[in-house]
Structures are given as C-alpha cells and as structure tokens.
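Here is a short briefing on how one protein chain packs.

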Amino acid sequence: MFGGFIPKEGRFFDLFKNQAALITEGAMEFRELLAHLDESEKRVRNIKDIEHKGDEITHTTMDLLHQTFITPLDREDIHELSSTLDDVLDFIDAAAQRILLYEIKHMPNEGRELAEVCVQAAQKVQVAVGYLDNLKNPEEIKKLCVEINRLENEGDHILRAAVAKLFREENDMKTLIKLKEVYEILETVTDLCEDVANIIDGIVLEYA
C-alpha cells in the first residue's frame, strides 16, 4: 500500500533523458528534411512520429508526478522542465508541417543555418539533461547552459539577417511570408532550448 510513497527518482531522470534524445532526433531529421525537400512527406511524417513519442513521455511524466509522494526535484521544476522539453519538439514539428503545407521546394542558406543551430542547441540540451541525475559536475552543466544561450543569440542574429534579406531580395510576397514564418518558428526552437537551459541552471543553483 505504500508503493505510491516511494520516490521513483530514476524514472523522472530517465524520462527527461528520453525527451531530450527525441529533441535531438527531431532536430536532426528536420535538418535532413531541408537537405532532401523532395522527400518532404516521408521526413515530415518521421518528425510527427518523433513528436508523438515526446507527447507520450510528457504524459507519462505528468502521471508519475501525480503518483509520487516524494520527488527528486521540486515538483514545479519537474513540470516546467518536461513541459518545455515538449514545447521544443512541438515547434520542430510545427516548422516541418509548414514545409509540407506550404509546398516549399527551395530553402535558402539562412534556413539551413537556423536548422543547424537548432541541432547544436538540441545536442547541448541532451548533454545537459543527462547530467541532471548526478549534479557532481555543476560547472560543466553551467558551461553547457552558457553555450545554449550563445546558440540562441546566434539563432536570433541569423533570423534578423534572414528576414532582412527576404525583404530586400524576395519579390514573391507569398514565398516571403512562408519562409519568414518557418525562420521564426526555428528561432523559437532555439528560444525554447534556452528556456530549458535556464530551468536546468536554476536546478543546479538549488541542488548542487
């Protein structure tokens, strides 16, 4: 009868790791999507499958949070971290859906650069999340968080330059609107990775 009161600490950290791994997988698949726009339907379907797996992990995490009496981290931190990791995948999926729905057949270099920044940020998030169940390396975690913040700034810079170039050089207004929206969604992915880094940084400050 006391099973629900036993902290299932390892499960929370495993779920976080699985979510973070899916973010990296999704970001890399999106990068491949832009490299193979002739395979849009297949690539977008792959990303949707990854996003569904992320949703399942989020639901499992929330259910576990309700069932666990003593949690390894503050309940609000667990909720916020899982939700934000889920948001990252949602926006990767949103960008992929736009590629398919808008029938985008050509992606300028700036879009590919933003996708690459998303991959790098996702990879750093995955490494940082992997350290959470053992906070003996707080300095290493902080370095990763700083790097994720730097990547967000890089994404913001690419976005501004990309949008300026669109307004300067793109004569087809429909194409301009489509690409601008995809760029902005990708930059939001880097924003959300920074949000994850900030949550992790706060956890380190509280527990390390």
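A nonpolar core is a set of buried Ala, Val, Leu, Ile, Met, Phe, Trp, Tyr and Cys residues joined through side-chain atoms within 4.5 Å. Keep that in mind for this predicted model. Its largest nonpolar core has 69 residues.

**The core**
- Phe16, Phe30, Leu81, Ile99, Met107 and Ile200 have the most contacts inside this core.
- Two or more residues come from each of α1 (9-35), α2 (40-67), α3 (75-101), α4, α5 and α6 (173-207).
- The most comes from α6, with 15 residues.
- Ile99 is in contact with Phe30, Leu33, Leu34, Leu37, Ser40, Ile104, Met107 and Val182, leaving aside its neighbours within four places in sequence.

**Helices α4 and α5**
- The axes of α4 (residues 109-130) and α5 (residues 138-169) come within 9 Å and cross at roughly 165 degrees.
- Angles over 145 degrees count as roughly antiparallel, and α4 and α5 are therefore roughly antiparallel to each other.
- Their crossing is left-handed.
- Residues in the contact include Leu114, Val117 and Ala121 of α4 and Leu144, Ile148 and Leu151 of α5.
- The contact of α4 with α5 has 12 nonpolar, two polar and six charged residues.

**Helices α5 and α6**
- The axes of α5 and α6 come within 9 Å and cross at roughly 165 degrees.
- α5 and α6 are therefore roughly antiparallel to each other.
- α5 and α6 cross in a left-handed way.
- Their contact has 17 nonpolar, four polar and nine charged residues.

Definitions and conventions: Residues are numbered from 1 along each chain as its sequence is written. This is a predicted model: local features need pLDDT of at least 70, side-chain atom pairs count only at pLDDT 80 or more; totals for chains, interfaces and linings use all residues. Side-chain values use heavy atoms; hydrogens and water are left out. Axes are lines fitted to C-alpha atoms, for helices over the stretch in contact, and angles run from 0 to 180 degrees between N-to-C directions. Helices (H or I, at least four residues) and strands (E, at least two) are DSSP runs, numbered from the N terminus. Angles under 35 degrees count as roughly parallel, over 145 as roughly antiparallel, 65 to 115 as roughly perpendicular and the rest as oblique. A crossing is left-handed if the near helix is turned anticlockwise from the far one by less than a right angle, and right-handed if clockwise. Contact means heavy atoms within 4.5 Å. Ala, Val, Leu, Ile, Met, Phe, Trp, Tyr, Cys and Pro count as nonpolar, Asp, Glu, Lys and Arg as charged, and the others, Gly among them, as polar. Buried means under 20% relative accessible area, exposed over 50%, partly exposed in between (1.4 Å probe, protein chains only).
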